[in-house]
Amino acid sequence: MGVWFACAGLAIWRLRPRSRTGAWTLALGYLIFIGNPHDFAPTTALPGHAFFTVVGAGTVMFAYAVPAHILLGYPTGRVTGRAERVVVAGCFVLASVGGPLLLLTRTIDHSTCTYRCYDSPIQVVADRQLYLGLKTATLACWTLLAVAALFLLVRRAARSTPRQQRILAFAFVAFGVTILLFAGFEIATAVTGAGSGPEGFFYYGSTWAAAFALVVPFCVGLLEERLAFAAVGTLLGQLEQVPASGLEAALARALRDPGLRMVFPTADGLVDISGAPYTPAPDRTRAVTELGSPPLAVVIHDPALTEHQELFDAAASAARLALENAHLQAEIGGQLTEVRASRQRIAAATDAERRRLERDLHDGAQQRLLGIGLALGALRGQLSSTTGHELMDELDQELHAAIRELRDLAQGIRPAILTDQGLVPALAMLARRASMGVTTDIHIPERLDPVVEATAYYIVSEALQNVAKHAGHADTWVSAVHQSGRLIVDVRDDGPGGASPEAGTGLRGLVDRVDTVGGTLTITSPAGAGTQLRAELPCASSSSTTP
């Protein structure tokens, strides 16, 4: 028994140096060692017999006081409650007074004594009735203290969190077995007498059950702590895969606290992961720990976790690192969203400016040129010389050339047909005006966002210009399909291939424009196998056909 408690105390002290439980368990082992020479009932002829008797019998009751301290101070080894301190102090006072007092009054009737029939070397009063009365009173005091300790343990278990209750459950079961075995010991002693086989079985059984009840719960707690450390290590390895929304569950698994909650401070108070307001419980059933300064989050957890400070600090550091990563990712995501929105606003503003220029050219310069043409026609009728008619014909040709160039410029800026009628007629017009044969397959049942329509138009326009420039009269196919909230534009030809965004600014500009609206552009152009441009543009229908 002494070896059991001494080894357990050393192990607990080594694994949990901040807890006093290891030191108290080791002290219990030494108390048993000190009492062993007396407990072995040596012969009175052994040198030092009187010393062994006084030391062993005088300190035997401390073997009851120390377990009371271990139980009521679990798991830190520090007795904190006022009632608990009173009970523990009563145990040590009774152990300090009871043992020596019984030695001073010990009076044995050797004619009837059958067990531990030694005489006290320091007897002062030889009054057997006084001795028996003091012995009964001491037993009654120990019984009252034991009942009080049991009450405090039951009250503590009722107030404990599920984590502590799991650990304390073994202790209660072991002590229940101890009580049953001790009752069997008393019955066996009365029925079969001291020294019998049943009496020895129940005696040692109850003793070892109590020994296990004192040590094993703490070892179970240590095992849970080590497993939790391993879980925290796993959590650290999974930080890259654990999103902020899943951090609460991951931390609860690592710390073995199913009721753990992670909430976030805001200007209006605490909110949980879903954004709902959260108010901590007003009682002491949950502890509150802030992560970071200023706090990134607040953890509502089992108060028992603060007893394993190293474990909690490691898990909190892991959670804080994950939250900081999530915060940085959210900031970067917000910046990217703002950049994308800014690029979309720039593209929309550019298209609006193009529409304004096209309208100004159509309504301004083009109308003036047409008016000049009408004036020249009227002037032609007033000329009679051949030279004057030839000059008028030349002016008329130059005027019509200027009008055609102006119309082409306006169409390049933004064709009016795209603004007025939509993408389907605009793509059909591009196919008709192309210098090569173009087959179209267009399925767009309704008008789309103007920016998306313009992007699709310029993709097809740039692709057809590249075919005309680099592939001559290669056959070309154009398709545009609106499905599942996306516009898929595909332009391919059977030309020589070899097109690359790095080779010119046209394709690079298309890639940037597609990226601006949040789409993707894929260019496939192996040498000798033609070129394919495929764009997928997120889009929604537009209720307005007027920009």
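Reader: Which residues of the largest nonpolar core touch the most other members?

Author: A nonpolar core is a set of buried Ala, Val, Leu, Ile, Met, Phe, Trp, Tyr and Cys residues joined through side-chain atoms within 4.5 Å, where buried means under 20% relative accessible area, exposed means over 50%, and partly exposed lies in between (1.4 Å probe, protein chains only). In this predicted model, local features need pLDDT of at least 70 and side-chain atom pairs count only at pLDDT 80 or more, while totals for chains, interfaces and linings use all residues. Residues are numbered from 1 along each chain as its sequence is written, and side-chain values use heavy atoms, with hydrogens and water left out. The largest core has 39 residues, of which Leu-423, Tyr-457, Val-460, Leu-487, Val-489 and Leu-537 touch the most other members. Among the elements that give two or more residues to this core are helix 13 (423–433), helix 14 (450–470), strand 7 (486–493) and strand 9 (531–538), and helix 14 supplies the largest share, 11 residues. A second, separate core of 29 residues includes Phe-5, Ala-68, Trp-142 and Leu-145.

Reader: How many helices and strands does the protein have?

Author: Helices (H or I, at least four residues) and strands (E, at least two) are DSSP runs, numbered from the N terminus. The protein has 15 helices and nine strands, and buried residues make up 38% of its 547 residues.

Reader: What span should helix 6 have, and how far apart are its end C-alpha atoms?

Author: The expected span of a helix is 1.5 Å times one less than its number of residues. Helix 6 (residues 128–159) has 32 residues and should span 46 Å, which agrees with the 46 Å between its end C-alpha atoms. Its buried residues include Trp-142 and Leu-145, both of which also belong to the second core. At the start of helix 6, a side-chain oxygen of Asp-127 comes to within 3.1 Å of the backbone nitrogen of Gln-129; a polar contact is a pair of N or O atoms within 3.5 Å, and within protein one must be able to donate a hydrogen and the other to accept it, with residues adjacent in sequence counting only if both atoms are side-chain atoms.

Reader: In what order do the four strands of the open sheet lie?

Author: Two strands pair if DSSP finds at least two bridges between them. Here the four strands form an open sheet in the order 2-1-4-3, with antiparallel pairing. Strand 2 (269–271) and strand 3 (287–291) stand at the edges, each with a single partner strand, so one side of each is left without a neighbour in the sheet. Three bridges join strand 1 (residues 261–266) to strand 2, and Pro-265 has Leu-270 in strand 2 as its bridge partner. Three bridges also join strand 1 to strand 4, where Val-263 is partnered by Val-298. Strand 3 and strand 4 pair over five bridges, forming a hairpin with five residues between them, and Gly-292 in the turn has a positive phi of about 90°.

Reader: Why is strand 4 described as largely enclosed by the rest of the structure?

Author: Five of the five residues of strand 4 (residues 297–301) are buried, so strand 4 is largely enclosed. Ala-297, Val-299 and His-301 cover one side, and Val-298 and Ile-300 the other.

Reader: Is Ser-484 buried or exposed?

Author: Ser-484 is exposed, with a relative accessible area of 77%. Ser-484 is found in the loop between strand 6 and strand 7, and its phi is near 55°, a positive value in a residue other than glycine.
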